[in-house]
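Work through these exercises with the structure open beside you. Try each task before you read its solution.

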Amino acid sequence: MYSSRMNGIQLSGIRKMFDLVKGDSVNLGLGEPDFQPPPVAIKAVREAMEMGFNKYGPTNGIPQLREAIADRLRGSWKNITTENVIVTNSGTEGLFSTCLTFVNRGEGVLTPDPGFVLYRPHIQLVEGQIREYGLVQENEFRPDPDEISRLIDERSKMLIVNSPNNPTGGMVTRQDRDDLVDLARDKDLILLSDEVYDSMVYTGNVHHSFLGQYEKAVVINSFSKIYAMTGWRLGYIAAGEEILKKISLAHYHMVACPATPIQHGALAGLRSADGFVETMVEEFHGRRDLITKRLNEIPGFTALSPPGTFYSFPSYDLYQNGSRIPSEDLALELARNGLICSHGTSFGGRGEYHMRFSFVNTRENIHKGMDIVEEVSRKFVR
Ligand SMILES: Cc1ncc(COP(=O)(O)O)c(C=O)c1O
């Protein structure tokens, strides 16, 4: 009855943890800021609805928003115009529209492991072949162009890069970015760069965008994280004009157009939510330092200080009955003790012996959560 495309498609492993949530659990499992959207954005949505902006809009988004997005991105790509931007119904839709546009059955897509939970299912849904490259703690969770190069064969079509990265918090350096661009150009790959965390970057680190660096780069972005509007479902794609025209067809046939009033909210965010992002990132910065310190004080845990995102992805060396405890079992044990987090393997096999803790909760709750990790770990440390 079902298409073979659906074989093996499941909800992400993170969902299982949420079934275990008790009323008083500390939740460090979520992938969204614990902030409300900027008040100017909320007001703009309400006003847009009241003023009658409730109809279908242009497929590629309202022109004022495309213009404001182009302005935002001009620092990375000086010649960008509105024709290089389409507004999507979320970063997720942008990812899927891009996969639909480029990947034929059996073509290879290189994707990070560990990586964002939707990359693999999207590749599967377009019947592409998943080729995973590793992001390892020893290399600060940065992609290794040599490894990627070895994985490329004549069927390879697309390379997915995500910096700052979910779940690891790692980022590419300028050199990494340039090497990956050279590699994609040399092998004639589409380079899909997911940059939804581009503004969640901590002092001393710089986001190196792939925008305007390569004619076959497709950059995915979203309003979800930057304005804490994950439930509003709005994102965008920036790419070369011809490429974007094709992606726009996939986008059109799936969603017709992005939600009209919501676009007015995002526009107000870009135009007048002064200081909103900076305040949020400053708060995350403090929490990042706190969680990194706490984790490194727990016997068995090793945490890097993530340069970007709001995720910590420590490794652990803990044992049960003589063997290392799998991340899913450890996450279940933490959940039973009142802490929700995401086990490393929900992001791919190489996430084993890691946990993802999102610091999208109060400092008090981060402390409570780390107390639970400390207590649970004590049972398993060698
Ligand atoms: C790396 C990455 N890309 C894309 C998305 C999707 O964001 P959106 O809410 O815009 O669909 C997320 C959300 O968690 C993410 O972490």
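**Exercise 1. Which kind of contact do the side chains of Asp113 and Arg350 form?**

Solution. The model is a predicted one.
Step 1. Find the side chains of Asp113 and Arg350; N and O are 3.3 Å apart.
Step 2. Apply the cut-off: a salt bridge needs a side-chain nitrogen of Lys or Arg within 4 Å of a carboxyl oxygen of Asp or Glu.
Step 3. Conclude that Asp113 and Arg350 meet in a salt bridge.

**Exercise 2. Describe the interface of domain 1 and domain 2.**

Solution. 
Step 1. Domain 1 covers 4–30 + 276–378, and domain 2 covers 39–272.
Step 2. Count the residues in the contact. Domain 1 gives 35 residues, and domain 2 gives 35 residues.
Step 3. Take the distance between the domains. Their C-alpha centres are 25 Å apart.
Step 4. Take the area. The size of an interface is often stated as the accessible area lost when the parts come together. Here domain 1 and domain 2 bury about 2,800 Å² between them. Carbon and sulfur atoms hold 63% of that area.
Step 5. Count the salt bridges between domain 1 and domain 2: there are 3.
Step 6. Count the polar contacts. Across this interface, 13 residue pairs qualify, with both residues at pLDDT 80 or more.
Step 7. Look at the side of domain 1 that touches domain 2. H10 supplies its largest share, 7 residues. By type, the residues of that side divide into 17 nonpolar, 14 polar and 4 charged.

**Exercise 3. Which parts of the chain does the pair Arg142 and Asp176 tie together?**

Solution. 
Step 1. Start from the total: the count comes to 26 salt bridges.
Step 2. Pick one pair. Arg142 forms a salt bridge with Asp176, with the closest N and O atoms 2.7 Å apart.
Step 3. Locate both ends. Arg142 is in the loop between strand S4 (129–134) and helix H6 (145–151), while Asp176 is in helix H7 (residues 174–187). The pair therefore ties together parts that are 34 residues apart in sequence.
Step 4. Check burial. Asp176 has a relative accessible area of 5%, so Asp176 is buried.

**Exercise 4. Which residue forms a salt bridge with Arg185?**

Solution. 
Step 1. Name the partner. Arg185 pairs with Glu215, the closest N and O atoms being 3.1 Å apart.
Step 2. Trace the link. Arg185 is in helix H7, and Glu215 is in the loop between strand S6 (190–194) and strand S7 (217–222). These distant parts of the chain are 30 residues apart.
Step 3. Read the accessibility. Arg185 is partly exposed, at 38% relative accessible area.

**Exercise 5. Where do Glu374 and Arg294 lie?**

Solution. 
Step 1. Take the distance. Glu374 and Arg294 form a salt bridge, with the closest N and O atoms 3.0 Å apart.
Step 2. Locate the ends. Glu374 is in helix H12 (residues 363–378) and Arg294 in helix H10, so the pair ties together parts 80 residues apart in sequence.
Step 3. Classify each residue. Glu374 counts as partly exposed at 26% relative accessibility. Arg294 is buried at 11% relative accessible area.
Step 4. Turn to a network. Salt bridges that share partners join Asp34, Glu283, Arg287 and Arg363.
Step 5. Follow Arg363. Arg363 lies in helix H12. Arg363 counts as partly exposed, at 37% relative accessibility. Leaving aside neighbours within four places in sequence, Arg363 is in contact with Glu283, Gly286, Arg287 and Leu290.

Note on methods:
Residues are numbered from 1 along each chain as its sequence is written. This is a predicted model: local features need pLDDT of at least 70, side-chain atom pairs count only at pLDDT 80 or more; totals for chains, interfaces and linings use all residues. Side-chain values use heavy atoms; hydrogens and water are left out. Domain bounds come from an automatic or database domain assignment. Contact means heavy atoms within 4.5 Å. Buried area is the accessible area (1.4 Å probe) that two parts lose on being put together, summed over both. A polar contact is a pair of N or O atoms within 3.5 Å; within protein, one must be able to donate a hydrogen and the other to accept it, and residues adjacent in sequence count only if both atoms are side-chain atoms. Helices (H or I, at least four residues) and strands (E, at least two) are DSSP runs, numbered from the N terminus. Ala, Val, Leu, Ile, Met, Phe, Trp, Tyr, Cys and Pro count as nonpolar, Asp, Glu, Lys and Arg as charged, and the others, Gly among them, as polar. Buried means under 20% relative accessible area, exposed over 50%, partly exposed in between (1.4 Å probe, protein chains only).
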